[in-house]
Amino acid sequence: MPHESAVHAQDRHGSAHRESAVYTHGHHESVLRSHTWRTAANSAAYLLDAIEPHMEVLDIGCGPGTITADLAALVPDGRVTGLEHAPDVLEQARATAEGRGLANVRFVTGDVHALDFPDGSFHVTHAHQVLQHVGDPVRALSEMRRVTRPGGVVAVRDADYAAMTWYPAVEGMDDWLDLYQRVARGNGGEPDAGRRLRAWAREAGFADAAITSTATAWSYATAEERAWWSGLWADRTVASAYARLAVDGGHATEAELNRIAGAWREWGAREDAWFGVLHGEALCRV
């Protein structure tokens with residue numbers, strides 16, 4: 001995922017461009033608490049039927065590497081490359097792979113807008129929760145398409161914040177959603193990316209017939225799930241890069257962030273609480 005500050009990068013032709021987006025979440029513990037929960041099964045199921053044991057796979061925005069490691073286990077005769085813009089989190093990703101005894105995975109830093117790989121390097125190029133954070137998602141998809149072999153697939157999945165839904169309607173939760181969308185867009189991202197994936201893929205050069213569009217959801221309903229989801233968002237609201245960006249960008253005061261964090265904790269304590277996160281998915285044949 002993009003680094004917390006915008007950076008200069010060189011594209012493969014040597015010209016500089018400036019990444020316009022800022023990664024809204026950062027890599028605070030409350031963020032990694034969510035990222036390390038992710039698996040190929042709960043976050044990339046739409047892709048798994050396309051995976052074969054011999055394949056070369058690129059996992060963009062790999063974060064702490066849990067999905068990357070799952071993909072590596074599925075290609076014992078191939079290899080997975082996990083790519084991340086922020087180098088610090090790759091220490092955790094390498095530890096994840098080493099802990100599972102995976103020798104066919106490597107981790108590198110890079111920019112999805114200018115991938116440092118030759119054309120047609122991979123059978124599968126995958127990005128989970130990445131396009132909502134980048135400055136130019138169409139350029140990113142074009143680069144993903146370029147580094148994928150003919151006959152291979154580009155697979156992208158992103159949440160759609162406007163489609164998130166919950167019960168009960170605890171006061172302050174609507175304020176959270178409004179604030180998050182303003183902060184994310186102020187950073188150059190698009191929080192409602194899930195609904196746009198097909199359109200972005202078409203702009204990136206994929207034909208309609210080459211794009212399979214689907215949607216799946218995460219839901220949190222048990223006492224344990226509610227406590228986990230509400231707790232990480234309450235902590236993220238007051239202690240992560242997102243909190244700093246909200247205040248520094250003039251979107252909220254610290255008092256407002258504390259009030260929204262309290263709303264999350266109140267929602268999580270309700271025995272009848274439920275939360276749904278809709279994701280758009282696009283499997284694009286090269």
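Predicted model: local features only at pLDDT ≥ 70, side-chain atom pairs only at ≥ 80, totals over all residues.
Colleague: Thanks! And which residue other than glycine has a positive phi?

Modeller: Most residues other than glycine have a negative phi, and most peptide bonds are trans. The residue in question sits in the loop between strand S6 (122-128) and helix H6 (137-146). With phi near 60°, that residue is Gln129.

Colleague: Is Gln129 buried or exposed?

Modeller: The cut-off for buried is under 20% relative accessible area. Gln129 has a value of 4%, so Gln129 is buried.

Colleague: Let's turn to the rings. What kind of aromatic pair do Trp176 and Trp264 form?

Modeller: Trp176 in helix H7 and Trp264 in helix H11 (residues 254-269) are 88 residues apart, and their pair links distant parts of the chain. Both residues are buried. Their ring centres are 5.0 Å apart and the planes meet at 75°; because planes over 60 degrees apart count this way, the pair is edge-to-face.

Colleague: How many residues apart are Tyr180 and Trp233?

Modeller: These two also form an edge-to-face pair, at 5.8 Å centre to centre with 90° between the planes. Tyr180 is buried, and so is Trp233. Tyr180 lies in helix H7 and Trp233 in helix H9, so this pair too links distant parts of the chain, at a separation of 53 residues.

Colleague: Nice. Which residue lies over the face of Trp233?

Modeller: Another charge over a ring is that of Arg145, whose charged end sits 5.3 Å from the centre of the Phe206 ring. For Trp233, the distance to the ring centre is 4.4 Å, and the residue lying over the face is Arg236.

Colleague: One last stop: which backbone oxygen does the side chain of Thr237 reach?

Modeller: Thr237 is found in helix H9 (residues 223-239). At 0% relative accessibility, Thr237 counts as buried, and among the residues it touches are Trp176, Leu257 and Trp264. At 2.6 Å, the side chain of Thr237 reaches the backbone oxygen of Trp233.

Key. Residues numbered from 1 in each chain as written. Heavy atoms only, no water. Helix = DSSP H or I, 4+ residues; strand = E, 2+ residues; numbered from the N terminus. Buried < 20%, exposed > 50% of the residue type's maximum accessible area, 1.4 Å probe, protein only. Polar contact = N/O pair within 3.5 Å; in protein donor to acceptor, adjacent residues only side chain to side chain. Contact = heavy atoms within 4.5 Å. Phe/Tyr/Trp six-rings, centres within 6.5 Å; stacked < 30°, edge-to-face > 60°. Lys NZ or Arg CZ within 6 Å of the ring centre and 35° of its normal. Lists of a residue's contacts leave out its neighbours within four places in sequence.
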